[in-house]
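Dear colleague,

I am passing on the structure we spoke of, with the sequence alongside, and below it you will find my notes on what came out of the analysis. Please read them with the model open.

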Amino acid sequence: MRIPAHSVCTAIRDDIVAGVYERGGRLTEELLARRYGVSRVPVREALRTLEAEGFVLTRRHAGACVAEPTEQEAADLLEMRMLLEPLGAYRAAQRRTEAHLKVLRGLVRLGQERSRRGNSEDLRSLGGWFHETLAQASGSPALTSTLAQLRHKIAWMYTVEAPADPVESWAEHGGIVDAVARGDGERARAVTALHTERATAAHRLRFPGGGDRPDRVRTSQHPVNMTGLRH
């Protein structure tokens, strides 16, 4: 599948997160260019960006490889998110627009409806969109970008158990939106902190011990995960 050159970074990142490339595996410009239907120039630029984000590292005599984060590095990501998500909600209460509120309320309605039906896959996607929109409502591009990177890396390193009570989880989302709509930054921060703490407890490392890796590279169902190209 040929994709726009500017989307190569997103496509490679999505495939790393999906496990298409194993941790520690080599990423050659030639093979990546062929896979995504682009020249080697945008691939080279994408690898530099992904190295800065922590998904890729360059090894002497080996070239670009998928990074192999430690358990401590993975734990740090969760801690960072627990600090930054509440900050984003606090800022959103101060800076949100009516357009942000409309989207957030719509996502909460959908989430509450789907949670009653028990559709966990839909809920996972809706939850991601909710937190992405909440970060955008903070009015801080730097914070929004940092949280997006954290979400990508956490999705790569962890599996997430479905909430024991998804209805309660979406009630918490609703509480966040209510506080943001009222402009109550402290309440938005507190509710988001509680919600993030509970969500963090459901995360399980994909590669505990730092040495376990998939036996082989998995092949994704689609050559490129196009849903992530909005980032």
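One cavity of 30 Å³ or more is present in the structure, which is a predicted model, and the volume of this largest cavity comes to about 60 Å³. Its lining is made up of Arg23, Pro69, Thr70, Glu71, Ala74, Met157, Leu205, Arg206 and Phe207, and when these residues are sorted by class, five are nonpolar, one is polar and three are charged.

As to confidence, the mean pLDDT of the protein is 87, and 88% of the residues reach a score of at least 70. Among the elements, helix H4 (residues 71-95) has the highest mean pLDDT, at 97, whereas helix H6 (residues 120-136) has the lowest, at 90. I would draw your attention to residues 210-231, over which the pLDDT is below 50, although the model gives this stretch 44 contacts beyond near neighbours in sequence.

Turning to the helices, two packed helices are described by the distance between their axes together with the angle between those axes. For helix H1 (residues 8-18) and helix H7 (residues 141-157), the axes come within 7 Å of each other and cross at roughly 35°. On the H1 side the contact is made by Arg13, Ile16 and Val17, and on the H7 side by His152, Ala155 and Trp156; by class, the residues of this contact comprise four nonpolar, one polar and one charged.

The strands are the last point. Strand S1 (residues 56-59) and strand S2 (residues 63-66) run antiparallel and are joined by four bridges. Valine 56 has valine 66 in S2 as its bridge partner, while leucine 57 stands opposite cysteine 65, also in S2.

With best wishes

Note on methods: Residues are numbered from 1 along each chain as its sequence is written. This is a predicted model: local features need pLDDT of at least 70, side-chain atom pairs count only at pLDDT 80 or more; totals for chains, interfaces and linings use all residues. Side-chain values use heavy atoms; hydrogens and water are left out. Axes are lines fitted to C-alpha atoms, for helices over the stretch in contact, and angles run from 0 to 180 degrees between N-to-C directions. Helices (H or I, at least four residues) and strands (E, at least two) are DSSP runs, numbered from the N terminus. Contact means heavy atoms within 4.5 Å. Ala, Val, Leu, Ile, Met, Phe, Trp, Tyr, Cys and Pro count as nonpolar, Asp, Glu, Lys and Arg as charged, and the others, Gly among them, as polar. Two strands pair if DSSP finds at least two bridges between them. pLDDT is the predictor's confidence in each residue, from 0 to 100. On a 1 Å grid over the protein atoms alone, a cavity is a set of points where a 1.4 Å probe fits but cannot get out, and a pocket is an open set with protein on both sides within 12 Å along at least five of seven lines; lining residues have an atom within 4 Å of a point. Grid points are joined across faces, edges and corners, and a volume is the space filled by probe spheres set on the points.
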